[in-house]
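Visitor: Please take me through the contact between the two chains. Keep it close and detailed.

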Amino acid sequence: MDAILTYIVNVVSLGGTYALLALGLAVVFSVLGLINFAHGELMTLAGYALLAGILLGVPFWAAVLAAVLVGGVAAVIMETTAFRPVRNANPATLLMTSFAVAMLLQVIFQNFISARGQAVPVPSLFTGSIAIGNAQVSIIQAISIVVSLLSLIALKVFFDRSRSGWAIRAAADDFETLRLMGFRASRLIAIAFLISGLLAGIAGVLWVMQRGSVDPLMGLKPVLAAFVVVVIGGLGSISGAVLGGYLLAAIEIALQTWLPEGLAPYRDSLTFVLVIAVLSLFPNGLFGKRVAEKV
Amino acid sequence: MMSTRRGRTLASIGLWVIILIVVTLIGSTLPSATQLLVTTSLVLLTGVMALQIFSGNSGILSFGHVGFVGVAAYTTGILAMPAAVKRTSLPLLPEPLQEVELPIVAAMLGGILAATIVGVISGLVIARLGDAASIATLAVLIILHGVMVGAEPFTRGSQTFYGVPRYTSIFVAGITAILAVIVARLFRDSRIGIHLRASRDDALAASTAGVRVQYATLIGWIVSSVIAGAMGAAYAGLLGAFSPKDFYFTLTLTLLTMLIVGGSGSVAGGIVGAFVVTLVVEALRRVGDANEFFGLTNAGLAIIILLTLYFRPRGLLGFREPEEFLAYRKSPTPPDADAAGALPVRNENPGQTVLCGHNLVKNFSGLVALNHVSVDVEAQHVMGLIGPNGSGKSTFVNCVTGVTKPEEARLTLAGEDIARTPVWRRARKGLGRTFQTMRLFRELTVLDNVTVSCISAGMSPHEADQRALQILAVLGVAHHGNRLAGELPYGDQRRVEISRALALNPRVLLLDEPAAGMNPAESRELLRQMETILATTGVGMLLIDHDVALIRSACDSLTVLDYGKVLAHGEPQAVLDQPEVAAAYLGWRESDPSATQEIGATGTERKSL
């Protein structure tokens, strides 16, 4: 019983982070058709901003806020500098551009910050754990669950209630028509990147708080997972990204908890093999509708 | 010699083989440090060829190939390592493998085989995915990396795997690279290669030209996994000691940069890219070492990629091989004598029904686009299909060709039920079509656009070129043969699209507004060409157009659609004289003034409607 409770807590907290990352990817994909490889570096950047804030002696909540904002602003800058020249290019070119940007940022972090991980002193308030029944839930995990759920709800409200939110959802179906209806492409793209960056910032802060350190390659692993989440969810499907995030976490934590010792080294590979197996059954993702091409 | 595809391919292979032999021989006389650089670039060139075969031809970026390189490197290493060394370096290796000590060539083949097996398994999934394929290749890389790290008894995990004999001399590297270039160049102009390139430009149009996109993607993936395996087999003997991180993102970045800088679309681009980037990387490495700048080569590669994509997105050499570029200005040799006489002939009896489309129903989220529409097409006859914009004409063609799935339909082609047949097979069985908004393979030559269909019809590339040229001659565009389809004037692009449909040797040709955008003189010319086609091939035709003059003179019978329903059907003049038909057009004009432009082409015809 406790094992199951622990399992659920782990899934919900990791899945929440994956969902935030995947949503950020999905929002940008909707408007540009770009799968942003450098999304993980936005996360890393937010982590460094958090560290900088703490080292500068800023109150913790302010450092967190600043870190999230850095993620959002950096994403907008990334769009205007790196992605604008290839805005109308094919998906392969867009993906390659973002891959190059990611590699470049990693080298910049390695040289201008440090190649090694930096410890992030999280206030002791967040380091304990609370007992639920006989199961121990760390406070950071609890925070991570609450924050990711709140973010998802906020985003749901944004998509349902605001004009930009509607526009981004519509863009996932047909960006061209949306432009013909008078939506300014540049503004919508900027908003999409801002949201994407803020989500990466939140995910980055949660990730760093759980691990207690930040390093130049930190964003790579979670963002690779988020890529796969977006694909399982169905490229361009926003609700698919959220559900996919929890699904991947469920698979990953299950393997982590119950995989026989001998197979433990293959855990990541097995996770992705399962994902690929799902994809081979559902080539358009679990929740992706086949976007009928206009002919 | 350069006038045929085979001639060009062989000339190109000959040239590159000579260049690579010269590079290898000169390299072998150089001092060891410089020689090592040449050897490394030849090994990397092999990997670039693997990527060129798949990504260059399919347009799907692959991150997975470096995983194949790793699989082959470890396998070759285990097979080639002396048993005595294995006892210390790999003490946990299962018993039978402990004693294995294969000759180098056999070990390399073993490595290639391992990569190929992984390639076949992963390819079965990758080929099924559309937009998601690139990300799935990334998953392949992560899976293989995880296996390399996890399989400690075989690989020493993330520790350094050592003890592989350093058998990769510059000659081994040279031979491997030459073989890779030959395979890549042959693949590019093979049936599958041409089909794959068509799918890169427009997958949907390719399937209506008879291309099995998934199959072509799978074969491209497997062939490229073999070549990636060859790189791995050679790389193991070059490095002697390596770890899983040698087969991860840095190598991926290096190989992709080489491919993109030179131009992913051509073999020549890959070769040039491999050498150029090797030089740049070496220079950066020296600068980086001198200044203790961590990862300068990676940063340099990333910047090179960005600059290339911003300023020269097709790479230094672009999509075409140099020899193709040389042929660009020249018109192809015109086909012998009477081109029309060479058109494929379907021996259907005139008037016999070849295509039955019965009771087609299609809804688009509540909007009824087709409401129990039935249209038949007879051999050697032209069935006209007219109606206001949005009346369901194009949707009908899309449903018949399988591009759109109707809710209900009874479809037979020459008596055979095709309602559940995939798009590409319907095309091969005899449905040729054009699109209302043209969908040519814009980066392929005009000739290749048509050759694609001839290959679908079962010809070898050589026969296909001959036939394609004859068909282009019938449509009067053969002289454009070596130009890129995307750069032709609009009217000529329409003719190329018709040629592509005709090259399938179709039973039925479905032409969706072939005269749109043509001036009256061009329309008349097109009409004359269509009559030639009709008379010689015996094909049945479904013609959609707004040009009433064209419709009246071309069609044997006419169906009018309005709001997804058949409004009238019969002999053209009688149908056009019906008041409901005129009303449908009038109503359309009143409610949608912007559309008057479109009916403008009919000019004075409007009054008699």
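Guide: The contact takes 35 residues from chain A and 40 residues from chain B, where two residues touch if their C-beta atoms, placed from the backbone, lie within 7 Å. On the side of chain A that touches chain B, helices H4 (91-112), H8 (220-233) and H10 (267-281) of chain A each give two or more residues. Helices here are DSSP runs of H or I with at least four residues, numbered from the N terminus. The largest share, 12 residues, comes from H4(A). This side of chain A divides into 27 nonpolar, six polar and two charged residues. Ala, Val, Leu, Ile, Met, Phe, Trp, Tyr, Cys and Pro count as nonpolar, Asp, Glu, Lys and Arg as charged, and the others, Gly among them, as polar.

The model is predicted: local features need pLDDT of at least 70, side-chain atom pairs count only at pLDDT 80 or more, and totals for chains, interfaces and linings use all residues. Residues are numbered from 1 along each chain as its sequence is written, while chains are lettered from A and ligands numbered from 1 in the order in which they are written.

Now the core. The largest nonpolar core has 299 residues. Such a core is a set of buried Ala, Val, Leu, Ile, Met, Phe, Trp, Tyr and Cys residues joined through C-beta atoms within 7 Å; buried means that 20 or more other C-beta atoms lie within 10 Å of a residue's own. Val228(A) and Ala136(B) have the most contacts inside this core.

Key: Buried ≥ 20, exposed ≤ 12 C-beta atoms within 10 Å, placed from the backbone.
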